[in-house]
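Hello,

Here is the structure I promised to pass on to you. Have a look at it first, and then read on for what turned up.

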Amino acid sequence: MTLLIPILAFAFASLVVMAAALALAPAGQGAIERRLGEVTGAPEKPIESDPGYEQAIVAALKRMGAVAPKSVSEMGKLQQKLIYAGYRSREALVVFFGVRLAVAVGVFFVLTTGVFFHPNIMIALAGCAIGYMAPSMVLGRLAGKRQHRIRLGLPDVLDLLVVSVEAGLGLDQAIQRVGEELAFAHPDLADELRLINLELRAGKGRIEALRNLSDRTGVDDVSSLVAMLVQTDKFGTSVANSLRVFSDTLRTKRRQRAEEAAAKTGVKMVFPLVFCIFPAIWVVTIGPAAIKFVQVLFPMVKK
């Protein structure tokens, strides 16, 4: 019986790793067909999936999220984080509550069954609390990565907007064309530009659609771009000149951020050097001398 528990734990861990690898592995044939479709202009074939399986999981998470404890002050912040991460559906908040509750209950169940550790109620409660907070941390991480991708793709968007506007396109048509051109290189930013076009087609004003872009992304550079375009639209100045000046300013800020990150590298390297590299160097250099010192002096002290 004592040997059966480690064997079952190893088998369970192996199955979990294999399932995660299969789920995260990209489909090679699908990627090749997609690239060929982009080169030849052929429409992309829809990826076959099992909608019933996904709908069942989402429905279960919705039911769990409906009964999960909620804080009114936290719901607004979580909704904003979900939008920053790219989850704009109305059901995303309920699904997130379900995921958080499922992770907390799952961690508590694993720690109380004694599969990996000896059952301990305090450790199980601590793991439950960590599992309850982990989805919020992961969501913040996803939102930060998406904002970083949008921030990196903004200079390319501005360059293409300048070229399109100087070529004679209006601002709305230029936004649509740039969104189509950057769908592969910067899909997050292209998706936001596509939403601007949809809002304009639905009858919203340009200023309102641009401000919605700033609210959806939460990126300071996008907010500055929106403010500049709104002022340009109000005062009737040249859009091409304004975009060109803003593009130069943005690239200067990008270079300054890179220089700031490079200047911080020396400070960040202090802690790994002190706690990881220096102890190993001391053991290698001083260790033999210390051993020899002990071997020589201790017999003399005893005498």
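In what follows, a contact, or touching, means heavy atoms within 4.5 Å. Please keep in mind that this is a predicted model.

Let me start with M228, where that definition comes in at once. Leaving out residues up to four places away in sequence, M228 touches S242, L243 and F246. M228 is found in helix α10, and F246 is 18 residues from M228 in sequence, with 8.2 Å between their C-alpha atoms. Is M228 buried or exposed? Its relative accessible area is 13%, and buried means under 20%, so M228 counts as buried.

Now to the nonpolar cores. The largest one has 29 residues, and those touching the most other members are V157, L161, I196, V222, L225, L229 and L243. Two or more residues come from each of α6 (121-166), α7 (171-181), α8 (187-201), α9 (206-217), α10 (220-235) and α11 (239-263). Of these, α6 gives the most to this core, with seven residues. Apart from it lies another core, of ten residues, including A68, L78, L93 and L139.

Not counting residues up to four places away in sequence, V222 touches I150, L154, L213, S214 and T217.

The pairing of α9 with α10 comes next. Their axes come within 9 Å and cross at roughly 170°. Angles over 145 degrees count as roughly antiparallel, so α9 is roughly antiparallel to α10. On the α9 side the contact is made by R206, I207, L210, R211, L213, S214 and T217, and on the α10 side by V222, S223, V226, L229, V230, D233 and K234. By type, the residues of this contact of α9 with α10 divide into seven nonpolar, three polar and four charged.

Last, the cysteines. How many disulfides does the structure hold? The count is zero. As a reminder, a disulfide is a covalent bond between the sulfur atoms of two cysteines. C128 has 23% relative accessibility and counts as partly exposed, while C276, with a relative accessible area of 55%, is exposed. The cut-off for exposed is over 50%, which is why C276 falls in that class.

Enjoy looking through it, and do write back with any questions.

Best wishes

Terms used:
Residues numbered from 1 in each chain as written. Predicted model: local features only at pLDDT ≥ 70, side-chain atom pairs only at ≥ 80, totals over all residues. Heavy atoms only, no water. Core = buried A, V, L, I, M, F, W, Y, C linked by side-chain atoms within 4.5 Å. Buried < 20%, exposed > 50% of the residue type's maximum accessible area, 1.4 Å probe, protein only. Helix = DSSP H or I, 4+ residues; strand = E, 2+ residues; numbered from the N terminus. Axes fitted to C-alpha atoms, helices over the stretch in contact; angles between N-to-C directions. Parallel < 35°, antiparallel > 145°, perpendicular 65-115°, else oblique. Nonpolar A, V, L, I, M, F, W, Y, C, P; charged D, E, K, R; others polar. Disulfide = S-S within 2.5 Å.
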